[in-house]
Amino acid sequence: MSVKYIIGFSIFLIVLVACNIYFYYNLTSVNKHVILSAPRKVEATSSVHKDIIDHVYNLPNEYKVKNPNFTPLQRNLVQSFNASVINNLKSVWNYVDEWADDESLFPHKDGAPGQILQAMRASQIALVDNAPKGTQLKLLLLLEGKQKLLFKPKRYNLTHIINGHIYAGFDRHNSEVFAYYLAMVLNFKWVAPVITRRINIDQEIMRLATPGLKKTMVKNEGGRLCIYGKCYYCKINETVCPDSNGELEGAAILYLDKQFRIHKSPWRRSYNSKKMEWEKDNDFCKKVGMTLSTKRILNLVDTAIFDFLIQNGDRHRYEIYKEKIVLLDNGKGLGNPMVDVLDILAPLYQCCIINFSTWQNLEYLSGGSLTETIKLLSEFHGEKLTTEEHYQAIERRLLKIYATVQYCLEKHGSGKVFKNVVAL
Ligand SMILES: Nc1ncnc2c1ncn2[C@@H]1O[C@H](COP(=O)(O)OP(=O)(O)OP(=O)(O)O)[C@@H](O)[C@H]1O
Ligand SMILES: [Mn+2]
């Protein structure tokens, strides 16, 4: 009798755990695009998430319409990206060493961002090598004029949807480019300029490749030269191949020849089934506060907002330059426009603090201005960065960020939530 009882109870427990895992998975990863119109039950993986989603439904109207105060700022941004023709590309690179100041890594006035992007696109390549840093395939392009670009090749079409874990799949090259424009519109200036560049496999790669790179190139069945590269995850059967024009497309990221300090993110994922401390403890921020300064936490909150918008859940570590986080490695965004993994915002809802300047910038961008400006800026450079579904997803996520801040304000009041420290 008692043995039967134990067996019965054990089966009951197993079924219960299985159901929990099933529902947890579904609530955190499936179709969340309906969240703004569907019944409120979706995504309430925890009471905090539920509270935040409740605030999405009760957002004041001002967050759903355009903020007129953004108009002059948008005009300035557009001007700085509207690159006038540069006669001497090399002249752009002459000032590189003087670029970084305490406010930004690159100059942002008088058309400078547009000129840098144009120089990155038009400068001739002098040498191509493997860039063995990191886990994903990357090339290093040395330009005439001595600048370097990191090249993350295209692995997916813009319409491809990544399913599974938030960190699943290869890097998305367009996510790197999109992230740069997003950072510019958010006024986050600790980021490297990025463009989409197409390079000819024969003329610009094979002809200029180092012997080391040539060793990691193979011909596919169609006789085309392809690259499998040199990196932690690089495999000979996972090559990138040129398109029918013989060109490889990818994100070309300005290489920052600077000394970074690398730190592990307190909110990193375990990359296995084990839960991290931040996933179990809603008071986790108090522990973080024992080792990190408020300024650094605010910087991590800004980074979390940025990552949530593109859904980059892979910021396991971060690089510091001049005591600020550099937004490097943004390739794991734009995976699935139907999914909003809210726990990327954990630094915000667990710490409930935000730079007041960040909050003001976010308030400027309501009602569609955020994506409208990204489109405007990138169109100057002939870039189609992503699909309409992803643009809509960014706007939906912006509402969730507003709602998260409302949740914090309700809990702690504006005196505690808003901080006057410039972090990015
Ligand atoms: N623009 C850049 N300028 C200088 N160094 C860079 C730049 N981008 C990345 N790096 C350096 O190269 C390392 C690897 O780059 P990145 O993180 O983008 O690659 P990854 O393959 O995605 O790595 P991981 O899988 O570990 O995230 C970074 O940690 C950083 O130190
Ligand atoms: Mn990465």
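**Entry 1: what buried means**

A residue is buried if 20 or more other C-beta atoms lie within 10 Å of its own. I keep this cut-off at hand. I also note that this is a predicted model.

I found Lys 152 in strand β3, residues 148-153. Then I listed the contacts of Lys 152, leaving aside neighbours within four places in sequence. They are Lys 138, Asp 171, His 173, Glu 176, Gly 250, Ala 251, Ile 253 and Gly 331.

**Entry 2: the whole chain**

I stepped back to the chain. The chain has 424 residues, and 40% of them are buried. I read off 17 helices and 12 strands.

**Entry 3: two domains**

How is the chain divided? I find domain 1 at 61-68 + 259-419, and domain 2 at 86-254. Their C-alpha centres lie 24 Å apart. I checked how they touch: 35 residues of domain 1 are in contact with 35 residues of domain 2.

Which elements supply at least two residues each to the side of domain 1 that touches domain 2? I list α12 (294-310), β10 (324-326) and α15 (369-380). The most comes from α15, with six residues. I sorted this side of domain 1 by residue type: 15 are nonpolar, 13 polar and seven charged.

**Entry 4: the nonpolar core**

I looked up the largest nonpolar core, which has 99 residues. Leu 182, Ala 183 and Val 301 touch the most other members. This core draws at least three residues from each of domain 1 and domain 2.

I followed up Val 301. Beyond its neighbours within four places in sequence, Val 301 is in contact with Pro 347, Leu 348, Cys 351, Ile 353 and Ile 354.

**Entry 5: around ligand 1**

I counted 16 residues around ligand 1. Gly 134, Thr 135, Gln 136, Leu 256 and Asp 329 come nearest. The shell holds eight nonpolar, four polar and four charged residues.

I picked out Leu 256 from the nearest group. Leu 256 is in the loop between β7 (247-254) and β8 (261-264). I get 21 C-beta neighbours inside 10 Å, so Leu 256 counts as buried.

**Entry 6: the UniProt record**

I compared this with UniProt. An unreviewed entry annotates a "binding site" that covers Gln 136, Lys 152, Ile 253, Leu 254, Tyr 255, Leu 256, Glu 319 and Asp 329. The unreviewed entry also lists residues 220-417 as "domain: FAM20 C-terminal". Over residues 220-417 I read 43% helix and 13% strand. The end C-alpha atoms of this stretch are 56 Å apart.

**Entry 7: Ile 344**

Is Ile 344 buried or exposed? I find 25 other C-beta atoms within 10 Å, so Ile 344 is buried. Ile 344 sits in the loop between β10 and α13 (346-351).

Leaving aside neighbours within four places in sequence, I list its contacts as Ala 304, Asp 307, Phe 308, Gln 311 and Gly 313. Last, I compared Ile 344 with Tyr 63. They are 281 residues apart in sequence and 21 Å apart in space, C-alpha to C-alpha.

Key. Residues are numbered from 1 along each chain as its sequence is written. Chains are lettered from A and ligands numbered from 1 in the order in which they are written. This is a predicted model: local features need pLDDT of at least 70, side-chain atom pairs count only at pLDDT 80 or more; totals for chains, interfaces and linings use all residues. Domain bounds come from an automatic or database domain assignment. Two residues are in contact if their C-beta atoms, placed from the backbone, lie within 7 Å. Helices (H or I, at least four residues) and strands (E, at least two) are DSSP runs, numbered from the N terminus. Ala, Val, Leu, Ile, Met, Phe, Trp, Tyr, Cys and Pro count as nonpolar, Asp, Glu, Lys and Arg as charged, and the others, Gly among them, as polar. A residue is near a molecule or strand if its C-beta atom, placed from the backbone, lies within 6 Å of it. A residue is buried if 20 or more other C-beta atoms lie within 10 Å of its own, exposed if 12 or fewer, and partly exposed in between; C-beta atoms are placed from the backbone. UniProt positions are given in the numbering used here, feature names are shortened, and annotations may be inferred rather than shown by experiment. A nonpolar core is a set of buried Ala, Val, Leu, Ile, Met, Phe, Trp, Tyr and Cys residues joined through C-beta atoms within 7 Å.
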